[in-house]
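Please keep the sequence and the 3D view open as you read.

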Amino acid sequence: METPFIFGDIAKNQQFIGYKDETEALVSSFVSSKNVVVTAARKSGKTSLLEKAISKAQKTCPELRICRISLANVRDEHLFFTLLAQQTIKALCSTWEEAASIVREYFSGMDVRMSMDTGRLSDMKLSFDRRDTSSLHEIFWRMPESLAGQKKVKMTVIIDDFNNILNFKVCDDIFEEMFSAWTEKGMVAYCLAGSHRALMLERFEAKAAADAGFGNIISLGQINEGNLIEFIKAEFARTSKYIDDDAGKMIIRLAGSHPYYIQQLSQISWLRTYVVCTIDIVNEAYEALLNQMDMVFGALTDTLTDQQLCYVKAIVSGERIVSTADVLHRYGISSATSASRSKTALLQRDIIDIHDGYPVIQDPIYSAWIKKRHFLI
């Protein structure tokens, strides 16, 4: 029998839980050409939300073009600008000849190559000389708006994993250029989606971001517990198994209300259930999940410095303010400066987040694992 729960893949149809208001806000932004920022913890359903919003927006506005870019493995501006140009052309062109004409028009004088191994435009690739992408930024920034205006169509450029721009050596310059170029927009809107919530919010709550039209920020929070319990019970019932509200609430609590882990813990519980899933089965499934993550979380923990580990221990022990003399001494943190450096490094690596002004471990299962299995608290 096929398992009813999905994790590690895009959730569709009945598997897509919650985020109704956020979906409608995104659809409205796409259709009305309004810039929007989406921030969320990793694996919290951001990609599924974007897919749902894109589908609804294109049904509402069939002439809307979507340019989708992922910066998941992008570490410098050269590849970023290459993808921006490449995906924009794919979104607005229908033939190889049309795409080639645009490349000649917009990038004349540049060392640019265009390839398409399969003969399908969707597989078209551009490559630029690094000297061009480092010195001719303006052409790349302006191209989507110019080309959409030329085609007389609306377009939304969705840049997923946008947080990776924060790692660029020229990060500050990129943001300054980007806000300047996107202030005067008409046919094109941008949806910038990523994790590193605290760092993303810091950038997009600035005046320059608001002036460039990025006043709409959607930060994904927890899904309504009632909706989650209803979903879990329905998926068990669909496969002739049963789970009561208490066991369902236990799954949600142990998973930290995190959509990815709710699906994963539900699946492990479902696999261990013959007819009725009980709290004891959920607890057994939870321990099995922690065991499954031993290698992954152990490898992650090995990459942390001693001072970062001390900072993490303070957080999982319930400390909210780590900079006081008493907390620094209790957890072996050498100084307030060291605590600040550890906090910055852990934020940049997406290991911690800031909720209500205080640091928390972003991944609820990692938080439980390192507390129980590493620190033995």
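Two rings of Phe, Tyr or Trp (its six-membered ring) count as a pair if their centres lie within 6.5 Å. By that rule, this predicted model holds 20 aromatic pairs.

**Aromatic rings**
- The pair of Phe179 and Phe214 is tilted, because the ring centres are 6.1 Å apart and the planes meet at 55°.
- Phe179 belongs to helix H7 and Phe214 to the loop between helix H9 (207-211) and strand S7 (217-219), so their pairing ties together parts that are 35 residues apart in sequence.
- Both Phe179 and Phe214 are buried.
- One aromatic cluster is formed by Phe80, Phe81, Phe107, Phe128, Phe140 and Trp141.

**Charges over rings**
- Lys241 places its charged end over the ring of Trp270, 3.9 Å from the centre.
- Arg203 lies over the face of Phe175, with 4.7 Å to the ring centre.

**Helix H3**
- H3 covers residues 77-92 and reaches 23 Å from its first C-alpha to its last, close to the expected 22 Å.
- Of its 16 residues, 14 are buried, so that H3 is mostly covered.

**Positive phi in loops**
- Most residues other than glycine have a negative phi.
- Lys152, in the loop between helix H6 (137-151) and strand S5 (155-160), has a positive phi of about 60°.
- Lys152 counts as exposed because its relative accessibility is 69%.
- Asp161, in the loop between S5 and helix H7 (171-183), has a positive phi of about 55°.
- Asp161 is buried, with a relative accessible area of 17%.

Methods:
Residues are numbered from 1 along each chain as its sequence is written. This is a predicted model: local features need pLDDT of at least 70, side-chain atom pairs count only at pLDDT 80 or more; totals for chains, interfaces and linings use all residues. Side-chain values use heavy atoms; hydrogens and water are left out. Helices (H or I, at least four residues) and strands (E, at least two) are DSSP runs, numbered from the N terminus. The expected span of a helix is 1.5 Å times one less than its number of residues. Buried means under 20% relative accessible area, exposed over 50%, partly exposed in between (1.4 Å probe, protein chains only). Rings of Phe, Tyr and Trp (its six-membered ring) pair if their centres lie within 6.5 Å; planes under 30 degrees apart count as stacked, over 60 as edge-to-face and the rest as tilted. A charge sits over a ring if NZ of Lys or CZ of Arg is within 6 Å of the ring centre and within 35 degrees of the ring normal.
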